[in-house]
Amino acid sequence: MRLVRRPEAGAFIVMIVVVALITVASDFKAFNALGLKNNMAIISQFGIIATGAAMLMIAGEFDLSIGSMIGFAGMSMAMMLKWGLPFGLGEATPLTAIALTLVMTLSLGWLLGTIVVRSGLSSFIVSLAFLFGLRGTTEVAFRLINQSTQISGLPDFKEESWVAWIFGGEVFGWFYDIWFFLGGNINRRGEQWVDGFDARVLWWIIIVGCAYFVLSRTQIGNWIYATGDNKESARANGVPVNNVKIGLFMFTAFCATIFAACQVFDTNTADAAKGNLKELEAIAIAVVGGTLMTGGFGSVIGVIFGAVTFGLVANAVFYIPWIDGSFYRVFVGAVLLAAVFANERIRKRITGGI
Amino acid sequence: MAEPYLRAENLVKKFGPFTALNGVNLEIYPGEVLALLGDNGAGKSTLIKTLAGVHQPTSGQLYIEGKPKTFRSPRDASDAGIGTVYQDLALNQLMSVTRNFFMGREIKGPLGMMKMDEMDRIAHDEMLKIGIDFSDPTQAVGTMSGGQRQTLAIARAIYFGAKVLILDEPTSALGQKQQMEVLKTIKRVRKRGDIAIIFITHNEIHSQLVADRYTFLALGQVIGGGKNGELGHDEIRRLMAGGAEMKDLEGELAAI
């Protein structure tokens with residue numbers, strides 16, 4: 001009974017079913033050495049932005065600008081690395097490119113949050129404006145400076161710079177070493193096949209760990225729940241509702257920037273269209289993970305399950321020959337609808353006690 | 001009972017040309033329940049909001065333990081020991097009892113970590129003191145009864161230092177049994193002896209069950225008052241109706 005009350009229970013069951021189905025349907029290819037690495041890469045991508053989206057939704061707001069923020073941040077970093085820092089400040093290093101981009105994206109998150117709390121307008125519409133505005137800005141900047149909406153062929157910074165390495169390099173090599181040592185993880189020539197997971201897996205773990213800790217254990221976590229549940233009663237009890245919201249808009253911007261940094265330094269490319277529709281996937285994952293659309297309720301653990309589910313299904317086209325990307329969208333639609341109903345039932349059970 | 005904890009002297013509150021309070025005097029002593037009665041529009045809400053620091057009086061003065069005080073904000077009032085429990089209770093349904101109890105005033109250790117065990121224990125103990133043995137403080141407030149929610153809001157106000165507890169119609173919108181639960185809670189708080197309670201109600205029976213004294217408001221003025229037991233039933237009903245004779249009202253009704 002207690003378990004059923006948990007917001008992540010449904011997401012867990014869906015995840016188990018999906019893992020089982022994909023394991024069988026892909027003839028275990030989805031979880032061989034390379035399959036696991038690739039799946040974890042997309043799961044982490046989803047997980048990073050969905051954690052930000054879920055935290056913000058728990059506080060009762062939406063951010064539709066996540067996808068555009070990814071494109072903007074990627075463009076910003078790649079352009080600094082190719083054309084140098086703005087205002088003639090000289091050559092960019094990965095560190096200065098990331099730092100300066102983070103200053104910009106966090107400022108944009110702050111601006112978005114400030115507009116929402118000051119105006120009292122729905123964050124849906126304000127962040128929709130940011131979705132269009134940021135995407136357009138990204139494209140215009142690319143065309144004006146770069147004459148193209150793509151940048152490719154950047155030097156492989158992670159060879160030289162540890163900063164680039166922590167975003168674009170590989171982590172948990174020991175996992176694949178042990179796998180190789182135990183007799184698996186072998187390519188056709190009999191050598192070790194895969195060396196490690198993408199660095200974004202570690203970023204996902206860090207972000208999820210921090211988010212879980214903050215939300216469930218700290219005072220700020222209590223403020224986040226209180227803000228999303230009923231902001232008037234939160235305010236009456238002295239919770240700084242506006243600052244909580246603005247802080248979380250900055251957190252989603254941070255997550256989008258990490259997403260972009262991992263992408264840029266992994267592939268050494270950038271594209272103005274990067275991150276398209278990612279905000280909606282992030283929100284869908286948050287909802288499937290048990291976050292209420294109305295705020296005040298949700299769990300970071302549920303978002304982990306949601307990210308695993310979505311990542312596996314999104315990648316399934318590579319392992320199951322007879323499906324394509326359309327199946328993924330059908331799945332998302334069906335699961336999302338089911339999740340909304342399940343969440344609503346949980347909410348009624350909690351609030352219908354009189 | 002030498003000195004009232006809170007005294008209001010000649011409070012006047014005007015909203016533009018409209019006079020909501022027209023010279024109200026009030027005093028309230030620790031350990032007593034003052035029932036504040038009056039019809040809709042009598043000025044009850046304005047009075048409690050003025051005492052709670054939401055409104056600033058146009059003229060008049062508040063005294064806490066004999067010293068003049070001015071409240072510029074609800075925070076000033078609560079720092080001076082005035083705890084107001086409004087009808088909506090300022091509770092969040094989806095959050096647990098403990099998380100509601102400490103909302104905005106969490107006990108925290110290093111890294112902003114909440115001391116959850118300590119908070120659970122305090123929330124449980126404080127509610128037990130005024131009558132509810134709530135075994136599971138991790139339960140969501142949404143699953144509690146209306147009476148239990150009132151108790152939680154009252155326990156929270158007391159724990160965070162309320163010396164005057166203003167209860168805004170705590171029994172309205174509740175079923176019979178729940179109403180009795182709230183009245184029991186009020187009696188238990190009264191028994192502590194150190195807390196003054198202002199009990200706003202429409203219900204004369206409820207006020208007779210728990211109040212020590214009455215104050216009747218009509219059109220922004222105190223039109224009467226007295227000790228429980230000294231006022232007759234008819235007199236209470238007459239004053240509640242804003243001073244109109246009950247017989248007249250009954251006559252008017254019969255004439256339709």
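Reader: Leaving aside neighbours within four places in sequence, which residues is B:Ile197 in contact with?

Author: Two residues are in contact if their C-beta atoms, placed from the backbone, lie within 7 Å. With that rule, B:Ile197 is in contact with B:Val33, B:Leu34, B:Leu165, B:Leu167, B:Ile186, B:Val189 and B:Arg190. This is a predicted model: local features need pLDDT of at least 70, side-chain atom pairs count only at pLDDT 80 or more, and totals for chains, interfaces and linings use all residues. Residues are numbered from 1 along each chain as its sequence is written, while chains are lettered from A and ligands numbered from 1 in the order in which they are written.

Reader: Which residues touch the most other members of the largest nonpolar core?

Author: A nonpolar core is a set of buried Ala, Val, Leu, Ile, Met, Phe, Trp, Tyr and Cys residues joined through C-beta atoms within 7 Å. Buried means that 20 or more other C-beta atoms lie within 10 Å of a residue's own; exposed means 12 or fewer, and partly exposed is in between. The largest core holds 180 residues, and B:Leu165, B:Ile197 and B:Phe199 touch the most other members. Helix H12 (residues 241-267) of chain A gives the most to this core, with 17 residues. In chain B, 45% of the 256 residues are buried.

Reader: How many helices and strands does chain B have?

Author: Helices (H or I, at least four residues) and strands (E, at least two) are DSSP runs, numbered from the N terminus. Chain B has nine helices and 10 strands.

Reader: What is the strand order in the open sheet?

Author: Strands of a sheet pair through backbone hydrogen bonds, either parallel or antiparallel. Two strands count as paired if DSSP finds at least two bridges between them. Here six strands of chain B form an open sheet, in the order S6-S7-S8-S3-S9-S10, with mixed pairing. Strands S6 (82-85) and S10 (221-227) of chain B stand at the edges with a single partner strand each, so one side of each has no neighbour in the sheet. Strands S3 (residues 33-38) and S8 (residues 196-201) of chain B run parallel, joined by five bridges. B:Leu36 stands opposite B:Ile200 in S8(B).

Reader: How many residues of chain B are in contact with chain A?

Author: On chain B, 23 residues are in contact with 21 residues of chain A. That side of chain B has 10 nonpolar, eight polar and five charged residues. Asp, Glu, Lys and Arg count as charged; Ala, Val, Leu, Ile, Met, Phe, Trp, Tyr, Cys and Pro as nonpolar; the others, Gly among them, as polar.
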